[in-house]
Every structure is written in structure tokens, then in C-alpha cells.
Amino acid sequence: QVQLVETGGGLVQAGGSLKLSCSASGRTSNPMGWFRQAPGKKRVFVAAITGTGTITFYADSAKGRFTISRDMFKNTIYLQLNSLKPEDTAIYYCAADLDGSRWPSLRGDYWGQGTQVTVSS
């Protein structure tokens, strides 16, 4: 069983930056990543990273502005959010998979509780 805890959300002005963290309680060497869910919308994929942290994959909306990274020693992944826009406002969820069968996306075998990101215009 893997437990995921996200931190780092908050309120930021448009054009600003935030860095989200997701710590895993159990040791996981499988793909992990981020999804987000805006009010009244479905949860959508944002970014994923392989178990070794060497390969990343992004949704089109995240390319060039968001960066996913991984610290294997800390069992933590990060999502650096730059040049934020009001449409980035959402709850951001961390996810981990039991294997890499859905790569480059994620199945989401484990989920965190989410962290709120609000971007004001």
C-alpha cells in the first residue's frame, strides 16, 4: 500500500509560480505523476515521470510551463508550475501506478488527497 501526500498549493497571481510536492509513504519505483480537476470539470492528466526519473511526459497544457521531477531518495515527486494562468486553477492530485503498463499516462492505482492551486487574474 502506498500513501501519497501533496503539499505546496496556494493562491498566486497570474504569471506567478508554485512548486507542488508529493511524498510517498511506501517505497515506489514505478511511474508517478500529476492530475488536476477544475471546478465542474473532469480530472485530467498533467504530467508523469518514470520510476527512475529519467523520462517525463506532459499534457499539451503543461508543456513549456510545468516541470515534473523526482527525488528517489526522498520518495517524492515535484511539479514546478511557472507562468501560471487563471485557467490553471484546480485541485492538483498526485498519482502512483503499480506498474508502467499505462505509460506515458497513468492508471492511478494510488491517489493523494489533492492540493488546491488558485490563480488570480
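1. A strand here is a DSSP run of E at least two residues long, numbered from the N terminus. With that in hand: R36 is found in strand 4, which covers residues 32–37. One thing to keep in mind throughout is that this is a predicted model.

2. Now the overall picture. The protein chain has zero helices and 11 strands, so its pattern along the sequence is simply β-β-β-β-β-β-β-β-β-β-β. The C-alpha trace spans about 40 × 25 × 25 Å along its principal axes. How does the radius of gyration of the protein chain fit with a compact globule? A compact globule of 121 residues would come out near 14 Å, and the protein chain has 13 Å, which agrees.

3. Buried residues make up 46% of the 121 residues. Among contacts with a separation of 6 or more, 56% are between residues 24 or more positions apart. The accessible surface comes to about 6200 Å², and carbon and sulfur atoms account for 51% of that.

4. Back to R36. Is this arginine buried or exposed? R36 counts as buried, because its relative accessibility is 11% and the cut-off for buried is under 20%. Leaving out residues up to four places away in sequence, R36 touches K42, R43, V44, V46, S61, F66, E87, D88, A90, I91 and Y92. With one of these, Y92, the side chain of R36 makes a polar contact of 2.9 Å. For a sense of distance, L4 is 32 residues from R36 in sequence, and their C-alpha atoms are 15 Å apart.

5. D88 is found in the loop between strand 8 and strand 9, and at 1% relative accessibility it counts as buried. What lies 2.8 Å from a polar atom of the D88 side chain? That is the backbone nitrogen of K85. Setting aside neighbours within four places in sequence, D88 is in contact with R36, R65, F66, S83, V117 and V119.

6. The partner of strand 7 is strand 8 (residues 76–81): the two run antiparallel and are joined by six bridges. Across this pairing, R70 stands opposite I77. Strand 7 and strand 8 form a hairpin, with four residues between them.

7. N75 sits in the turn of that hairpin. Its phi is near 50°, a positive value in a residue other than glycine. Most residues other than glycine have a negative phi, and most peptide bonds are trans. N75 counts as buried because its relative accessibility is 16%.

8. Two other backbone spots are worth a look. S83, in the loop between strand 8 and strand 9, also has a positive phi near 50°. S83 is partly exposed, with a relative accessible area of 43%. Then there is the peptide bond from W103 to P104, which is cis, with omega near 15°. P104 lies in the loop between strand 9 and strand 10 (110–111).

9. Finally, the nonpolar interior. In soluble globular proteins, nonpolar side chains tend to be buried together. The largest nonpolar core here has 27 residues, and those touching the most other members are L4, M32, W34, F66, L79, L81 and Y92. Which strands each supply at least two residues of this core? They are strand 3 (18–24), strand 4, strand 5 (43–49), strand 7, strand 8, strand 9 (90–96) and strand 11 (115–120). A second, separate core of six residues includes A48, A59, A95 and L106.

10. L79 gives a close-up of the 27-residue core. Not counting residues up to four places away in sequence, L79 touches L18, K19, L20, W34, V46, A47, F66, T67, I68 and Y92. Among these, W34, F66 and Y92 are also listed with L79 as touching the most other core members.

Note on methods:
Residues numbered from 1 in each chain as written. Predicted model: local features only at pLDDT ≥ 70, side-chain atom pairs only at ≥ 80, totals over all residues. Heavy atoms only, no water. Buried < 20%, exposed > 50% of the residue type's maximum accessible area, 1.4 Å probe, protein only. Contact = heavy atoms within 4.5 Å. Polar contact = N/O pair within 3.5 Å; in protein donor to acceptor, adjacent residues only side chain to side chain. Pairing = 2+ DSSP bridges. Core = buried A, V, L, I, M, F, W, Y, C linked by side-chain atoms within 4.5 Å. Rg over C-alpha atoms; globule rule 2.2 N^0.38 Å. Areas by Shrake-Rupley, 256 points an atom, 1.4 Å probe, with all protein chains shown as cover.
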